[in-house]
Amino acid sequence: MGQTSTARTSHSVECRHCGKEFDLLAATWCGCGVRVDRPSKVCPYCMQCICLHPDYDNEALWNNAPRYLREHGFDRLFYLYL
Ligand SMILES: [Zn+2]
Ligand SMILES: [Zn+2]
């Protein structure tokens, strides 16, 4: 009681390339340059980002990031990362 902080330090997602689960917050931002304005994270297992996903440009598939993710530099999240 009293500790109401909802601070979270990890956000597990499943890599769409290799299917392994990794921590989105611990992963590094990609430097592929496909989306300079909206880079994705690199899967630590297969080292691939999702910038080339065919739906990556579809705004309808992006949602506002939860606050604990915004504190880590995420403004909006691609649906695969939610
Ligand atoms: Zn992967
Ligand atoms: Zn990328």
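Here is a short walk through this structure, from its overall layout down to a couple of residues in its core. Keep in mind that you're looking at a predicted model.

Start with the big picture. The chain has 82 residues, and its C-alpha trace spans about 45 × 25 × 20 Å along the principal axes. You'll find one helix and four strands. Follow the chain from the N terminus and these elements come in the order β-β-β-α-β.

Now for the inside. Buried residues account for 16% of the chain. The largest nonpolar core is built from 10 residues: Val-13, Cys-15, Phe-22, Val-42, Cys-43, Cys-49, Ile-50, Phe-74, Leu-77 and Phe-78. As for how the chain folds back on itself, take the contacts between residues at least 6 apart in sequence: 27% of those join residues at least 24 apart.

Let's zoom in on Leu-77, one of the core residues. Look for Leu-77 in strand 4, which covers residues 76-78. Why does Leu-77 count as buried? Because it has 20 C-beta neighbours inside 10 Å, and 20 is enough to meet the cut-off for being buried. Setting aside neighbours within four places in sequence, Leu-77 is in contact with Trp-62, Asn-63, Ala-65, Leu-69 and Leu-82.

How values were computed: Residues are numbered from 1 along each chain as its sequence is written. Chains are lettered from A and ligands numbered from 1 in the order in which they are written. This is a predicted model: local features need pLDDT of at least 70, side-chain atom pairs count only at pLDDT 80 or more; totals for chains, interfaces and linings use all residues. A nonpolar core is a set of buried Ala, Val, Leu, Ile, Met, Phe, Trp, Tyr and Cys residues joined through C-beta atoms within 7 Å. A residue is buried if 20 or more other C-beta atoms lie within 10 Å of its own, exposed if 12 or fewer, and partly exposed in between; C-beta atoms are placed from the backbone. Helices (H or I, at least four residues) and strands (E, at least two) are DSSP runs, numbered from the N terminus. Two residues are in contact if their C-beta atoms, placed from the backbone, lie within 7 Å.
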